[in-house]
Amino acid sequence: MSSASAARRPFEVRHLQIARAVVAAIAAAMITFSSDHSAALGLSVFSGFAILSAFIMIAAAWIVYPSGRRGRIVLLGAVDLVAGMVAGVATLRSDTTFFVLIAVWGVLIGVVEGIIGLRDRRAEAASTRSEARDAIFVGALGVVLALALLCVPAGYALNYTVAEAHQTFTLTGITIGVGIFGAYAAIAAVYLGIAGFSPRKDPVAAVSDEQSGGAA
């Protein structure tokens with residue numbers, strides 16, 4: 001058995017992407033199938049989503065990536081963890097907190113993941129599906145989330161009547177905002193799920209093979 005095969009890790013980047021897809025899918029489902037799109041519900045779902053994502057990222061830093069690539073993954077996990085903990089404080093759950101916190105989180109996570117993807121794209125060997133491309137897409141998605149939330153006034157309210165139901169409803173800014181986050185989670189879940197199940201040579205393993213070959 002070669003030293004490269006012996007050093008190959010049992011978990012790959014695709015396992016990380018699948019785990020992230022599952023968490024995002026749970027968040028999207030909780031919002032989609034809930035009739036309550038309040039700030040309390042939105043921040044509660046986001047808190048669970050961000051904290052679970054943080055634990056996954058931090059664990060993956062050690063079981064998926066080699067020592068030279070762990071720091072940036074831990075940074076992503078740290079951003080998720082801090083945002084999730086802030087969202088978990090019940091006394092802070094307001095419409096303004098929802099828009100500000102998730103918009104700031106979207107920009108931070110988007111920029112960090114985008115930079116990681118751009119740096120990896122220069123050094124990564126060609127594969128069926130590039131981890132770098134996936135990181136760039138998910139990073140851009142986070143920035144789009146932030147921009148979409150910034151376009152929605154927190155105090156927006158529109159009354160409308162459904163004639164068939166003989167009822168009047170109110171469409172609020174927070175309802176739209178929570179829906180936008182749900183859409184973000186759904187898109188991220190689908191994309192990461194496809195990325196995780198797509199055949200490819202794992203970039204981390206490829207780096208290990210190249211290093212072993214150079215040493216030989």
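Modeller: A residue counts as buried when its relative accessible area is under 20%, as exposed when over 50%, and as partly exposed in between. The model under discussion is predicted.

The largest nonpolar core comprises 44 residues, and those with the most contacts inside it are F46, F49, F98, I102, W105, L145 and F181. Six helices, namely helix 2 (13-32), helix 3 (39-63), helix 4 (70-87), helix 5 (95-123), helix 6 (131-150) and helix 7 (173-197), each contribute at least two residues to this core. Helix 3 gives the most, with 10 residues.

Within this setting, L145 touches I102, W105, I180, F181 and Y184, leaving aside residues up to four places away in sequence. Three of these partners, W105, F181 and Y184, also belong to one aromatic cluster, together with F46 and F49.

As for ring pairs, the count comes to 9 aromatic pairs. One of them joins F98 and F99 in an edge-to-face arrangement, at 5.7 Å centre to centre and with 90° between the planes. Both F98 and F99 are buried. Another aromatic pair, F137 with Y191, is stacked, at 4.0 Å centre to centre and with 15° between the planes. Because F137 lies in helix 6 and Y191 in helix 7, this pair ties together parts that are 54 residues apart in sequence. The two partners fall into separate accessibility classes: F137, at 33% relative accessibility, counts as partly exposed, whereas Y191, at 16%, counts as buried.

Definitions and conventions:
Residues numbered from 1 in each chain as written. Predicted model: local features only at pLDDT ≥ 70, side-chain atom pairs only at ≥ 80, totals over all residues. Heavy atoms only, no water. Core = buried A, V, L, I, M, F, W, Y, C linked by side-chain atoms within 4.5 Å. Buried < 20%, exposed > 50% of the residue type's maximum accessible area, 1.4 Å probe, protein only. Helix = DSSP H or I, 4+ residues; strand = E, 2+ residues; numbered from the N terminus. Contact = heavy atoms within 4.5 Å. Phe/Tyr/Trp six-rings, centres within 6.5 Å; stacked < 30°, edge-to-face > 60°.
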